[in-house]
Amino acid sequence: MNKILLFLCFPMLMFAQKQKLAGTVTNTENEKLSAVNIGLYNSGNELIKELKTDGKGGFVLEGLSEQNVKLVVKREGYLVFEKNLNLESSEPLQIILKKEQAKEIEEVVMTKRKPLVKRKVDRLEFNVENSNISSLNAWEILKNTPNVSVNNSVLTVKGSTGILVTINDKKVMLTGDELKNLLENTQGDDVKSIEVITNPPAKYEAAGSAVLNIVMKKNKIEGYRGILSSKYVQTQYAKAVFGLSQYYKKDKLSVMASYYKGMGTYYREGFDYVNYPESQTRWMSTMNRKDKNYNQNTLNFNVEYELDSLTNLSLNYSGYFSPKSYGIYDVPTLIYNNQDIVESNYRTLNDHESRSANNSVSFQIDRKLNKKSSLSWINYFTGNNSSKYQDVATHLNFAGELPREDHFLTQNKADVKLFSTQLDYQWKNEKWELESGTKYSFVKTNSNLKFSDNENGELQYRPEKSSIFDYKEHNFALYTSLAYNIGKWNFKGGLRAEMTDLEGQVSEPYDLNKSNYWNFFPTFYAQYTTENKHEFGFSYGKRISRPSYSWLNPAKSYYNLFSYFQGDPQLKATIIHNLNLTYSWKNWNLDLYYRKELYPSMEISYQVPENNNVVYHFTNIEKGQAYGLSLYKNFQIKPWWNIIISENLEHNENYFNGVDGLLHQNKVWNLDSNISTSFTLDKSSDWKMEVGHRYFSGGVQGPFRISSTWNAYFVMNRKFFNKKLEAALVVTDIFRTTGQKVATKYANQDNYFLDYTDTQGFSLSLKFNFGNQSVKNAKTIKKTSEQDRL
């Protein structure tokens with residue numbers, strides 16, 4: 001380990017500061033100018049250093065080894081100042097900037113360009129800065145990004161889930177609805193580009209199938225700004241979100257703080273069908289679930305400080321608090337015999353309540369060692385605490401039996417703590433780029449399930465149905481990658497090594513699972529560009545998908561008397577191999593890919609005829625593989641009219657061992673289509689409209705076959721009062737077509753459920769911008785890959 005740290009820090013030890021020169025910047029009125037951009041260029045006109053003046057207009061040049069250096073000073077509203085420096089002189093520099101002469105312009109009409117898609121050796125870059133979709137929020141921009149689709153608020157890339165979202169290459173600390181809420185409140189005008197990384201380089205965590213990196217514009221102008229926002233959502237029931245975001249930048253200090261409060265009633269419709277051929281009965285349940293949550297709180301805080309021109313410090317906090325979510329599910333079930341006559345029935349009332357809290361803190365130091373190399377050190381801590389209580393009463397009326405009532409209580413508490421530290425080194429010149437680093441993380445979880453049921457009219461604690469599950473995991477990683485650019489060819493290769501040491505312990509029945517293993521994750525990329533700008537690429541990457549911590553808990557979590565969920569402490573991590581062939585030319589982008597998964601982990605269900613139970617179980621299947629073709633094209637029909645076509649055709653196969661002991665194959669051809677058209681309704685681009693259609697032809701998941709679904713939507717967005725006020729209307733699932741059927745049918749398994757997640761509706765949102773709107777976002781809060789598994 002000492003040798004590794006010495007290697008990473010070697011360039012910093014060898015670098016010596018050879019020159020030092022001070023100066024000030026003023027205007028012709030002798031006013032000292034702060035936050036003025038100063039650039040230093042060598043004899044080859046290459047930028048070697050950047051800095052800004054302090055609050056008194058002062059600056060210090062140090063650490064310069066070149067003898068021929070040109071100084072370039074820029075400030076908005078002033079003429080550019082250039083000067084060749086004499087580094088041997090010790091006299092302070094006195095720089096005076098002259099104001100630009102104002103010019104009268106009769107009329108200027110600016111037409112925003114369409115988003116530019118650029119293929120790089122290891123990623124696809126979707127440049128949205130100043131484009132015709134930059135008025136959307138970051139969540140909507142992601143949905144319009146090549147190779148990206150959203151199904152029931154779940155992001156997928158070319159049919160693959162488990163996507164890692166980062167902002168400026170730093171992982172955000174939020175997941176699920178919290179992540180969506182953050183992105184929906186991130187202004188598209190602050191987004192520079194979206195990077196789609198289907199085969200992430202060795203620098204990235206090996207966990208996750210792909211990375212979506214949101215590149216934000218950098219801070220440029222000092223000042224304060226704020227955003228006050230509100231949103232009303234009407235589906236089956238009403239929901240609302242209110243938020244306040246504030247940004248401040250002065251000299252070397254940048255601060256961001258935001259708070260969002262959500263509330264509402266959440267509805268989901270379901271219908272379950274189970275056929276038991278052994279008893280020749282069919283069980284049918286209707287489950288319309290309604291949950292109320294009037295106190296959802298999301299907090300974010302970020303502070304950055306430039307210690308000097310080479311060193312940057314940042315402290316980040318994010319928190320999510322939901323003290324009470326509650327509801328009562330009323331689930332009637334009818335049991336039909338082989339004559340299609342109802343012979344039995346039962347009714348379940350599930351009275352439940354849950355709470356959750358998440359706190360995450362990170363601290364980061366970035367240090368430029370010289371003009372070619374830099375070092376970053378990042379530390380994370382996350383604590384997640386949740387509990388769920390349910391009181392389940394079942395009224396049974398079975399044929400040949402007296403009517404009776406069954407009653408049970410469960411209380412499940414879970415606590416997860418994560419710690420991680422990471423060190424990264426980077427060096428690059430015109431042709432070569434080296435990245436190397438190391439990371440250590442530690443995870444500790446505890447889950448306590450208490451089960452009580454009715455005996456002789458009294459609730460009794462049942463230790464045989466209760467459980468305490470403790471889990472610990474250590475992970476150590478080393479990586480290095482090297483890129484080389486020569487003429488029309490670009491190459492990049494890397495290797496990441498990760499050691500995992502885990503221990504899972506179950507109290508009742510006692511079980512101990514220990515494992516220690518190394519995994520190696522190679523990556524390779526090659527790209528060739530012809531004289532006519534045809535781009536051909538090839539990439540290979542190996543990834544790993546570790547199971548969520550809750551999936552490892554073997555305790556039975558009952559939904560009702562005849563249905564429960566159960567995890568598996570012996571779950572294996574999934575190994576994923578990705579191959580890609582790409583072609584790009586004149587905004588046409590094609591991607592031919594192959595994906596192989598060894599022991600994919602997923603939730604499946606199976607019926608047990610002996611006790612008429614349906615078990616939902618997280619387990620590994622044997623393997624999965626998919627191959628397909630992705631196409632993306634953006635058509636600019638008119639300066640004000642744009643059409644986007646994004647298609648993904650895939651053949652997906654899953655192999656699983658059934659309850660009959662045989663190996664089964666489930667396969668399907670799937671089309672994921674997204675076609676949208678947008679219009680700019682005024683010359684200033686302050687009024688926009690979009691109509692779109694998304695179609696999913698159906699898929700497979702282990703023994704499940706998932707039906708097709710489609711969604712038509714409409715978006716209207718307009719800005720008022722010199723862009724201070726922004727209003728938006730969004731109509732989703734216009735024809736109520738997003739319901740899906742998930743079915744299992746093989747051997748003696750014959751069941752399905754219908755699921756509709758209440759997406760038909762509309763939302764109205766208002767956003768008021770105050771303060772200096774030229775200030776851009778500070779870096780956003782980060783998270784580790786382990787947090788994706790909470």
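Entry 1: I began with two residues, and both Glu195 and Arg123 are buried. Buried here means under 20% relative accessible area, exposed means over 50%, and partly exposed is in between (1.4 Å probe, protein chains only). This is a predicted model, in which local features need pLDDT of at least 70 and side-chain atom pairs count only at pLDDT 80 or more, while totals for chains, interfaces and linings use all residues. Residues are numbered from 1 along each chain as its sequence is written, and side-chain values use heavy atoms, with hydrogens and water left out.

I then checked what joins the two. Glu195 and Arg123 form a salt bridge, with the closest N and O atoms 2.8 Å apart. The pair links distant parts of the chain: Glu195 is in strand S14 (residues 191-197), and Arg123 is in the loop between strand S8 (116-119) and strand S9 (124-127), 72 residues away. My salt-bridge criterion is a side-chain nitrogen of Lys or Arg within 4 Å of a carboxyl oxygen of Asp or Glu. Helices (H or I, at least four residues) and strands (E, at least two) are DSSP runs, numbered from the N terminus.

**Entry 2: further salt bridges.** How many salt bridges does a search of the whole structure find? It finds 20.

I looked at Asp330 and Arg347 next. Their side chains meet in a salt bridge at 2.9 Å, N to O. Asp330 lies in strand S20 (residues 311-336) and Arg347 in strand S21 (residues 342-368), so the pair ties together parts 17 residues apart in sequence. Asp330 is partly exposed at 33% relative accessible area. Arg347 also counts as partly exposed, at 39%.

Then came Glu503 and Lys514. The closest N and O atoms of this salt bridge are 3.8 Å apart. Glu503 is in strand S27 (residues 489-506) and Lys514 in strand S28 (residues 511-529), eleven residues apart. Is Lys514 buried or exposed? Lys514 is exposed, with a relative accessible area of 58%. Glu503 is partly exposed, at 29%.

I also noted a network of salt bridges that links Glu205, Lys439, Arg496, Glu498 and Arg546.

**Entry 3: whole-protein totals.** I counted three helices and 46 strands. The protein has 790 residues, and 50% of them count as buried. Among contacts between residues at least 6 apart in sequence, 64% join residues at least 24 apart. A contact means heavy atoms within 4.5 Å. The protein exposes about 37500 Å², with carbon and sulfur atoms supplying 55% of that area.

**Entry 4: cavities.** The whole-structure search gave twelve cavities of 30 Å³ or more. On a 1 Å grid over the protein atoms alone, a cavity is a set of points where a 1.4 Å probe fits but cannot get out, and lining residues have an atom within 4 Å of a point.

I picked the second largest cavity, which holds about 170 Å³ of space. Its lining has 19 residues, and Arg119, Val121, Arg123, Ser539 and Thr582 lie nearest its centre.

**Entry 5: Ile576.** I moved to Ile576, which lies in strand S32. Ile576 is buried, at 4% relative accessible area. Setting aside residues up to four places away in sequence, Ile576 touches Ser209, Gly541, Lys542, Arg543, Ser545, Arg595, Lys596 and Glu597.

**Entry 6: Trp551.** Trp551 sits in the loop between S29 and strand S30 (556-560). Trp551 is partly exposed, at 21% relative accessible area. Beyond its neighbours within four places in sequence, Trp551 is in contact with Gly567, Asp568, Leu571, Ser601 and Phe618.

**Entry 7: positive phi.** Asn147 is not a glycine, yet has a positive phi of about 70 degrees. Asn147 is in the loop between helix H2 (138-143) and strand S10 (148-151), and counts as buried at 13%. Asn612 has a positive phi of about 55 degrees. I found Asn612 in the loop between strand S34 (601-608) and strand S35 (613-620).

How values were computed. Accessible areas come from the Shrake-Rupley method with a 1.4 Å probe; for residues, only the protein chains shown count as cover. On a 1 Å grid over the protein atoms alone, a cavity is a set of points where a 1.4 Å probe fits but cannot get out, and a pocket is an open set with protein on both sides within 12 Å along at least five of seven lines; lining residues have an atom within 4 Å of a point. Grid points are joined across faces, edges and corners, and a volume is the space filled by probe spheres set on the points.
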